[in-house]
Amino acid sequence: MITLIAGGTGSVKIARGLSKTADDLIVIPNIADNIWLHGLYICPDIDTITYGLAGILDKGRGWGVKDDTFVFMEQMKKLGQDHWFRIGDKDLALHLVRTNFLNEGKSLSWVTEWIRKKLSVSTTIMPASNDHIETRVETPSGDMHIQEYWVKNRAELDISNIMYKGIESAKVNAKAVEFIKNSELIIIAPGNPISSIGPIISLPAIRKELESKKDNVIAISPLIGNKAVSGPASKYMQIMGIESSPFGIASYYRDIASNLVISEFDNEYENRIRTLGIHIYKTNIVMEQSQDEIILSNYILNIVNKA
Ligand code: FO1
């Protein structure tokens, strides 16, 4: 069994690659970008992974359903409602179904399982908790949900802190811990360490399990040099006082991962990373084509086969 700890847009490529190359794959997606809007419970990272594995993700945007229309959004705008978070019409159907099930008392993991089966996804997608956790950022005009910062305010505000609201009281999903325990390999996707992976590995029971299995954990760097392959990883790392580099990634994951895959161009960080007791593997980590997703997945699976 292989477990992938994942975010959304930065992680779906490796999730897709592994789903084609590994036999028994479990994905634990980020839940801290979940948000209530228009009475709907929206889970962007769960949905990006689900749509990606179902082959219906809009690859250009990196979120939502391909060829979706936005009639609902246009009508919401006409009615003077919030329309900064663009929900496609097909995507809307999924949020409605999920919210109805949740309102009937079903858990997030139950609904996630139901949806992935409906969309013929064979990979199990297991949220680390059924409770609501949300990443919030502190700005000069107060704190706000990360979606409000990233989408509504187009990341234009200064931020001084990033926190996971609700993490202390969130109950971990025992199944997620069990999957990690029973996995011969746990991969940390090249997602944003602060906003995508951070909330998952900050759940004490998940962290404890990863610590005890750190020799079986391989993280993939989301950065080349000091720049993120995509998204705001570099910015968020600096805000949290973490060096924006593969070394910063290594330090951030040092207690939970003994292995790190970095870019073939990042020789200059090797010595410092080794001082942390972390094994380094160097290859192409940019996944532009679906073939790249498969090549990187095979590369990672081969590390384990050779060990
Ligand atoms: N990202 C945007 O930049 N603008 C949007 O309007 C937007 C809508 C949206 C709707 C559903 C969904 O699942 C994701 C959506 N995203 C949108 C992506 C999302 O904000 C982030 O990329 C993830 O939360 C990052 O983990």
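A: The axes of helix H7 (residues 174–182) and helix H9 (residues 204–212) come within 10 Å and cross at roughly 5°. Axes here are lines fitted to C-alpha atoms, for helices over the stretch in contact, with angles from 0 to 180 degrees between N-to-C directions. Helices (H or I, at least four residues) and strands (E, at least two) are DSSP runs, numbered from the N terminus. H7 and H9 are therefore roughly parallel to each other, a label for angles under 35 degrees.

This is a predicted model: local features need pLDDT of at least 70, side-chain atom pairs count only at pLDDT 80 or more, and totals for chains, interfaces and linings use all residues. Residues are numbered from 1 along each chain as its sequence is written, and side-chain values use heavy atoms, leaving out hydrogens and water.

On the H7 side, Ala176, Val177, Ile180 and Lys181 meet Ala205, Ile206, Glu209 and Leu210 of H9. Contact means heavy atoms within 4.5 Å.

Now the loop between strand S8 (161–165) and H7: Gly166 sits there. Gly166 touches His132 and Ile133, leaving aside residues up to four places away in sequence. The C-alpha atoms of Gly166 and Ala32 are 9.3 Å apart, although 134 residues separate them along the chain.

Last, the domains. The assignment gives domain 1 (1–34 + 127–307) and domain 2 (35–125); such bounds come from an automatic or database domain assignment. Their C-alpha centres lie 22 Å apart. In contact are 29 residues of domain 1 and 24 residues of domain 2.

Key:
Angles under 35 degrees count as roughly parallel, over 145 as roughly antiparallel, 65 to 115 as roughly perpendicular and the rest as oblique.
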